[in-house]
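Subject: Structure handover

Hello,

Here is the structure I said I would pass on. Please open it alongside these notes.

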Amino acid sequence: MAAIAVHRFAQSITCHAWSPDHSMVAFCPNSNEVHIYRLLQDKWEKVHVLQKHDQIVSGIDWSARSNRIVTASHDRNSYVWNFEGTEWVPTLVILRLNRAALCVQWSPKENKFAVGSGAKTVCICYYEQENNWWISKLIRKRHDSSVTGVAWHPNNILLATTSTDGKCRVFSTFIKGVDTKDSRTGSSSDSKFGEQIVQLDLSFSWAFGVKWSPSGNTLAYVGHNSMIYFVDDVGPSPLAQSVAFQDLPLCDVLFVSERMVIGVGYDCSPMVFAADERGIWSFIRFLGERKIASSGSTYGSQDLYMGLLRPHPTTPFELEPKHKELIQLGIWICQQFHKSLILMKDDFSVRMVVESSFILYQFSEAFVKLYGQSKHVVSNDAVEPSRSRGGIHENCISCIVPLRQPGISTVPRFSTSGLDGKVVIWDLENQADLSVYL
C-alpha cells in the first residue's frame, strides 16, 4: 500500500505544510486560522494556533532552511511567521492587493516568496531590514484573470504561473540587491523584473497546479478540462505534450522525479503520470484506491502540435437503437467540425482539433454511462465501465506537499490533504512498478 499514514485533523483542510524535520504540520481547517500539530509519542497534539487573518487561509509554505512560515489569505494579506521563544510572531507583508491572495510559495533560496491573487497580479516579496517588513514588487497587466498557482524554477529567478484565463506563463523575477547576477542563467540572463519569458496557450479551460521538475528542464500544469500538460525546453520554442484522461479534473501536481509526476484533484485518488525512454508522458495508475482503473478505459497522450488523436474505446455492453442513433449523430457533427479545423492548419485550429476530439470522447462516454450503465450490469472488474470513486481520501484532494530529504533530488515521500480533513503520507519506494521512474 502506497499510503503509510492517515491522520484526520479537522472536518476540512484547505492547505498544509511541513516543518523542516517533518515533526510538525501546519494546516488551515477551512477557516481564518492555521493550526500547528506536533508528533509526540506517536500521537499528534495541537501546539500552536496562528491567528492573524480575517478570512480563509488559502496558502501556507514552511521554509526548509530558515524555519519561517508564510501564509496568504482571502483577506488580501500575507504574513511571515518567525518562531521566537515559545511563540510564532507575525511580520507584516505589504502586498497592495485589492482582491484575495490565492497561493504562496517560498523561492529555493528563501530570500523571496511569490503570492498569486484574484487581482490578476503576482506579488514578489522580499525582506526590507530597515523597516522590519516584507515589501513586494508586482507583476501586473500580464494575466487576464485570477492567478491560481505559482512555482519557482530551481535557479531562484524564473517563476511559472497558472491562471483561470487558461494560460501558463513564465516570468523573470530578478530584483537588484536581492538576487546576484551569477544566479541568472540560461535565457533569463538578460531579463528584467516582470519580463515575460514565454506564454503557453495549451488549455481552453482554467489552469492550475504548475510545477517544475527537479532539474528545471520540464514544466507541468493541469487544466480543468481533465488534461495535464508537460512542456520541455521552456523558451521561445517550447516542446509540449498533453495527456487527456476520462476522470475528474486535477487541482495540483508534484514532480517526484524527472520522469514521474503525481496529480491530485477531484477524483479523490492521486494519479501517477510517467515519461518513457523517449520522453513521452502517459497515465500509469491510481494510488490508494479500492478498485484499479478499468482496463477498457483509454488514457490518451496527445501531441498538441501534431494533432495526434486516440480512438474512442469500445463499450463493454450493447446500447438501444435509438441511443445509438443519437451518439452517431453527435459523432458525425463533431467529425465535420474536426475536418474543417484540420483544413485550416493554423495553431489555433490545431489546438481546437485536440479539444474537439476530447469533447467528442466525453460526449460519447456520457451517453454510454447515462443509457448503458444503469441497464446493464457487468460483474467482471476488468471491463467495468466506470471506476469506483475514492480510496484513502473521501473528498477532493486540494493540496500535495513533498517530504524532501536533504541532498536528494527525488521525492519518494509526499503528503496530500483534502476537503475530508485528512492528511495522508504516501511512500513510493515500496511500489515495484513505479521504482523504474524514480
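What follows is a short account of what was found in it.

**Ground rules.** This is a predicted model, in which local features need pLDDT of at least 70, side-chain atom pairs count only at pLDDT 80 or more, and totals for chains, interfaces and linings use all residues. Residues are numbered from 1 along each chain as its sequence is written, and side-chain values use heavy atoms, with hydrogens and water left out.

**Overview.** The protein chain has 2 helices and 29 strands (DSSP runs numbered from the N terminus: helices are H or I, at least four residues; strands are E, at least two). It has 438 residues, and 54% of them count as buried (buried is under 20% relative accessible area, exposed over 50%, partly exposed in between; 1.4 Å probe, protein chains only). Take contacts between residues at least 6 apart in sequence: 53% join residues at least 24 apart (contact means heavy atoms within 4.5 Å). The chain exposes about 19900 Å², with carbon and sulfur atoms supplying 51% (Shrake-Rupley method, 1.4 Å probe).

**Annotation.** In the model, residues 140–172 are 0% helix and 52% strand. The end C-alpha atoms of that stretch are 13 Å apart.

**Core.** The largest nonpolar core has 29 residues (buried Ala, Val, Leu, Ile, Met, Phe, Trp, Tyr and Cys joined through side-chain atoms within 4.5 Å). Phe9, Trp18, Ile36, Ile60, Trp62 and Ile69 touch the most other members. Several strands supply at least two residues each, among them β2 (15–18), β4 (33–40), β27 (397–402) and β29 (422–427). β3 gives the most, with 5 residues. Leaving aside neighbours within four places in sequence, Phe9 contacts Val25, Phe27, Tyr37, Trp44, Gly421 and Val423.

**Open sheet.** Four strands form an open sheet in the order β6-β7-β8-β9, with antiparallel pairing (two strands pair if DSSP finds at least two bridges between them). β6 and β9 (87–92) are the edges, each pairing on one side only. β6 is joined to β7 (residues 69–73) by 5 bridges. In this pair, Trp62 stands opposite Ile69.

**Strand β24.** Look at residues 271–275. β23 (residues 260–265) pairs with β24 in the antiparallel sense over 4 bridges. Here Val261 has Phe273 as its bridge partner. The two strands form a hairpin with 5 residues between them, and Cys268 in the turn has a positive phi of about 75°. β25 (residues 281–286) is also antiparallel to β24, through 5 bridges. Ala274 is partnered by Ser282 there. That hairpin too has 5 residues between its strands, and Gly279 takes a positive phi near 85°.

**Backbone points to check.** Most residues other than glycine have a negative phi. Asn30 has a positive phi, near 60°. Asn30 lies in the loop between β3 and β4 and is partly exposed, at 40% relative accessibility. Ser226 also has a positive phi, about 60°. Ser226 sits in the loop between β19 (218–223) and β20 (227–232), and is buried, with a relative accessible area of 4%.

Best wishes
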